[in-house]
Amino acid sequence: MARTRAHLATLLLAAALSHCSLVQGSGARSANRYEFTRPLMGTTMRIVMYAPDAGAAQGAAAAAFGRIAELDAELSDYRDSSELMRLSRQAGSGPVRVSDDLFRVLRAAQQLFRRSDGAFDVTVGPLTVLWRRARRQAEMPDLSRVAAARQLVGGYKLILDEQHRTVTLLERGMLLDVGGIAKGFAADEAATILERRGITRALVAAGGDLRITGPPPESDGWRIAIQPLGGVDQVHASSVMLHNAGVSTSGDAEQFVVIDGVRYSHIIDPCTGRPKTGRSSVTVVAPDATMSDGLATAVAVLGPEKGLRLVDATPQTAATIAVETDARGVETLVSLRWPRQPSGG
Ligand code: ADP
Ligand code: MG
């Protein structure tokens, strides 16, 4: 799991502020707005929902957080005891039966691996280990070790057997890292738990990965503000109104290191074995947060041109990218389907 910690939420949530308190629908059941936060998966989990009463809201939030905690225990790459790490330790020794959750995450990851021509690759583990240490120590890793780690990376060496629910990692030393997709998956699963309890108007934020269900009462959607590169600037933040969608931001706002004047992000290009450099931030909207999370990471790897092409070729998705260059300052680009809505608020 990526340790984003407080992830200075690149997305500022101004979740339907006009509906903060009691909302009476004409003849419909009244619904109050409730909000809960909990630290999980190395970040802050936030749930905003409309529920008939506090008891229903608290029960639903506890169940949703419980589900996220369960996924954290399965998918974390920071805990040796997680199912993901146990699977990695069996690399090179044939098929391993895995839980339904892990299988579903890896299935989504592999679809994106193929769609992104290998830019999104959960087998980057050996590289993330090296570069995380580099970030901590602010020191370049030994490039021969980077080259060796690079040899172990490749999604084509990760085999899923749908029928037997097994996963095979073809080479010893392979290491999975689902940090680029697991928070989105967790947000989706939490939203499903809420829906099962009758909460159909909710927002689940797993750091910078959001899953939104139905709109707040008497509203067209949840207003999601997108923070521009370069700091908290409410005035220049653009915003979109959304419901029933996933929204993810992948950027280097929080996790980066500067070595010899070069800014290295926590997103690794599997082709080069090196982190992306420079400043950029990608926000993706998709039907669910598993997809928006993975796709945002993929676009961050691919860069604006190829990244936006991937988004345009992926049905029901849209993206905006802000990139900073020395020559032109911050430039903002959008995909063909990026919702053009009046901003402000
Ligand atoms: P955040 O963790 O900040 O929300 P992302 O969703 O973009 O951001 O995930 C970044 C994480 O994804 C990294 O910390 C690492 O664990 C993992 N990762 C890095 N490079 C790749 C890649 N090319 N493909 C898949 N996952 C990656
Ligand atoms: Mg991601």
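Predicted model: local features only at pLDDT ≥ 70, side-chain atom pairs only at ≥ 80, totals over all residues.
Local features were taken at pLDDT of at least 70 and side-chain atom pairs only at pLDDT 80 or more, whereas totals for chains, interfaces and linings use all residues; side-chain values use heavy atoms, with hydrogens and water left out. Residues are numbered from 1 along each chain as its sequence is written, with chains lettered from A and ligands numbered from 1 in the order in which they are written.

The secondary structure of the protein chain comes to seven helices and 17 strands; these are DSSP runs numbered from the N terminus, with H or I and at least four residues for helices, and E and at least two residues for strands. Of the 345 residues in the protein chain, 55% are buried (under 20% relative accessible area, with exposed over 50% and partly exposed in between; 1.4 Å probe, protein chains only). Contacts (heavy atoms within 4.5 Å) between residues at least 6 apart in sequence join residues at least 24 apart in 62% of cases.

The largest nonpolar core has 66 residues, of which Met 49, Leu 87, Val 178 and Leu 194 touch the most other members. Such a core is a set of buried Ala, Val, Leu, Ile, Met, Phe, Trp, Tyr and Cys residues joined through side-chain atoms within 4.5 Å. Helix α7 gives the most to this core, with 10 residues. A second, separate core of 17 residues includes Tyr 50, Ala 205, Ile 224 and Val 247. Beyond four places in sequence, the residues touched by Met 49 include Phe 36, Ala 57, Ala 61, Leu 194 and Ile 199. Phe 36 itself lies in strand β2 (residues 32-40) and is buried, with a relative accessible area of 17%. Its contacts beyond four places in sequence include Met 45, Ile 47, Met 49 and Phe 65. The C-alpha atoms of Phe 36 and Phe 65 are separated by 9.5 Å, with the two residues 29 apart along the chain.

Distant parts of the chain are linked here: Gly 180 is in the loop between β6 (166-169) and α6 (182-196), and Thr 297 is in helix α7 (residues 289-312), 117 residues apart. Both Gly 180 and Thr 297 are buried.

Two aromatic pairs are present. Rings of Phe, Tyr and Trp (its six-membered ring) pair if their centres lie within 6.5 Å, with planes under 30 degrees apart counted as stacked, over 60 as edge-to-face and the rest as tilted. Tyr 50 and Trp 222 form a tilted pair, 5.8 Å centre to centre with 50 degrees between the planes. Tyr 50 belongs to strand β3 (residues 43-51) and Trp 222 to strand β9 (residues 222-226), so parts 172 residues apart in sequence are tied together. Both Tyr 50 and Trp 222 are buried. The ring centres of Trp 131 and Tyr 264 are 5.7 Å apart and their planes are at 25 degrees, so this pair is stacked. Trp 131 is in helix α4 (residues 125-137) and Tyr 264 in strand β13 (residues 262-269), so the pair ties together parts 133 residues apart in sequence. Relative accessibility is 4% for Trp 131, which counts as buried, and 9% for Tyr 264, which also counts as buried.

Lys 157, in the loop between α5 (143-152) and β5, counts as buried at 5% relative accessibility. A polar atom of the Lys 157 side chain lies 2.7 Å from the backbone oxygen of Gln 151. Residues touched by Lys 157 beyond four places in sequence include Gln 151, Thr 168, Glu 171 and Met 174.

Most residues other than glycine have a negative phi. Ala 138, in the loop between α4 and α5, has a positive phi near 50 degrees and is partly exposed at 43% relative accessibility.

How values were computed. Polar contact = N/O pair within 3.5 Å; in protein donor to acceptor, adjacent residues only side chain to side chain.
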